[in-house]
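Overall figures for the chain come after that.

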Amino acid sequence: MDKKRNSSVELLRIVSMMGVILLHYNNQNMGGAFKYASGNNISMYWLYFIESVGISAVNVFIIISSYYLCCTAKRRLGKIFELIAQLILFRQIFYIITIMMGVETLSFKGFASNLLPTDYFVVLYSVLYIVSPYINVCINNLSRKNLRLLICICFLIFSVWNIIVDAIENILGHTMLGLSTIGMEGTLHGYSIVNFILLYLIGAYIRMWGVKAGNKKMILSLLFMTLLSWFLSIWENVMKFEKHVVWNYENPLVILSSVCIFVIFLRLKFSSSVINKLAKASFICYLVHEPLLGMLHIENFINNNLFVIILHQIMSVIVLYAISYLIYIIYDKLSKEVWKKLNNKIDEKVLFYTES
């Protein structure tokens, strides 16, 4: 593993996290932009475009992780404990804040529920982190041709086939039990360890063998797939389908767009201590941005003219990431020494290795 990371990849962490913020800005149950936007006006079409641009963000995070993890067999159990502890800590903090503001009332059920790490990304990433050394053993024993073949097979079985299943289910209006290769009840829209492992294989291949396609081809491919996703999402809306399966994480367009984005940034290759420091706040931003979305007052801006909407979105992601970075600085100052000691004790007991 490189001792000094490429700052372009760290910049991509920041950009991807901002993409996640925009996705949640749009989400009906979070920021609510899709809920507040009226009808089929220009703001709605813009939101569809932003969703099609940002939908690759989570997949990009996994590819970034695999790019680094595929080169080492060492895994620290303490890291998993810290991720879960951070998740629980910030949930409890925001729960207490909502109680103080009179939004929630203190209850054992509310307190206990926040002690559970009910976050799909944290759980699936933790699983991937633990099993990935054994995936590396498999990868390291495959030739370039066979690894490429494995990825192609997994891509066809777990991505192409499943988006066809998703599309058919959307058209018919019901789930077809047992047709998905992910699970009996469907594809889970890409929220699965299967999709994470597929992305891990892709990231590892890029690290080991690179990508031959030039930047121009990658940029044009990304533009084409983004526009195609945008048009298909609008079509799904016109057809009044219940779900927008074009935005599923296992969609081939989303996976391939993630690859293009990663490769484009990877090739920038520059070093910046500022970017590297800012990127450290990306996970904290993931944990804290959702409760902060309410302060953006999205309902007051989303039906304005397009310039106001775009300006509000830009300012929103910048402000939320800036707040997250300040929270990260405070958290790091208060907890750095504590976690250093705890991690040393945890890792003395359990430290995962596989044969290199």
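In this predicted model, S52 is in contact with T226, S229, W230, S233 and W247, leaving aside its neighbours within four places in sequence. One of these, W230, also has its backbone nitrogen 3.4 Å from a polar atom of the S52 side chain. S52 belongs to helix α3, which covers residues 42-54. Is S52 buried or exposed? With a relative accessible area of 4%, S52 is buried; the cut-off for buried is under 20%.

**Q313 and its contacts**

Helix α14, residues 306-349, holds Q313. Q313 has a relative accessible area of 4% and is therefore counted as buried. Which residues does Q313 contact, leaving aside those within four places in sequence? They are L22, Y25, N26, W46, L47 and I50. The side chains of Q313 and W46 are joined by a polar contact of 2.7 Å.

H24 is located in helix α1, residues 7-26. A relative accessible area of 16% puts H24 in the buried class, for which the limit is under 20%. Not counting residues up to four places away in sequence, H24 touches M30, G31, G32, H289 and L293. Between H24 and G54 there are 10.0 Å from C-alpha to C-alpha, at a sequence separation of 30 residues.

H289, a contact of H24, is itself one of the buried residues of α13. Why is helix α13 described as largely enclosed by the rest of the structure? Nine of the 11 residues in this helix, which spans residues 282-292, are buried, so the description follows from that count. The buried residues of α13 are S282, F283, I284, C285, Y286, L287, V288, H289 and L292.

**Loop residues**

L188 sits in the loop between α8 (144-172) and α9 (193-209). The loop of K269 runs between α11 (252-266) and α12 (273-279). L188 is partly exposed, at 49% relative accessibility, whereas K269 is exposed, with a relative accessible area of 59%.

At 32% relative accessibility, F270 counts as partly exposed. Which residues does F270 touch, not counting those up to four places away in sequence? These are N6, S7, S8, L11 and I275. F270 and W161 are 39 Å apart in space, C-alpha to C-alpha, and 109 residues apart in sequence.

**A112**

Helix α6, residues 108-113, contains A112. A112 counts as partly exposed, at 25% relative accessibility.

| Pair | Apart in sequence | C-alpha to C-alpha distance |
|---|---|---|
| H24 and G54 | 30 residues | 10.0 Å |
| F270 and W161 | 109 residues | 39 Å |

**The chain as a whole**

How many helices and strands does the chain have? Its secondary structure comes to 14 helices and two strands. The radius of gyration of the chain is 21 Å, close to the 21 Å given by the globule rule for 356 residues, so the chain is as compact as a globular protein of that length. Along the principal axes, the C-alpha atoms fill a box of roughly 55 × 50 × 45 Å.

Of the 356 residues in the chain, 48% are buried. The chain exposes about 18400 Å², and carbon and sulfur atoms supply 68% of this area. Among contacts between residues at least 6 apart in sequence, 82% join residues at least 24 apart.

The chain carries 30 positive and 19 negative charges. What is the distance between the mean positions of the positive and negative charges? The two mean positions are 12 Å apart.

Notes. Residues are numbered from 1 along each chain as its sequence is written. This is a predicted model: local features need pLDDT of at least 70, side-chain atom pairs count only at pLDDT 80 or more; totals for chains, interfaces and linings use all residues. Side-chain values use heavy atoms; hydrogens and water are left out. Helices (H or I, at least four residues) and strands (E, at least two) are DSSP runs, numbered from the N terminus. The radius of gyration is taken over C-alpha atoms; the globule rule is 2.2 Å times the number of residues to the power 0.38. Buried means under 20% relative accessible area, exposed over 50%, partly exposed in between (1.4 Å probe, protein chains only). Contact means heavy atoms within 4.5 Å. Accessible areas come from the Shrake-Rupley method with a 1.4 Å probe; for residues, only the protein chains shown count as cover. Lys and Arg count as positive and Asp and Glu as negative; His and the chain ends are not counted. The place of a charge is taken as NZ of Lys, CZ of Arg, CG of Asp or CD of Glu. A polar contact is a pair of N or O atoms within 3.5 Å; within protein, one must be able to donate a hydrogen and the other to accept it, and residues adjacent in sequence count only if both atoms are side-chain atoms.
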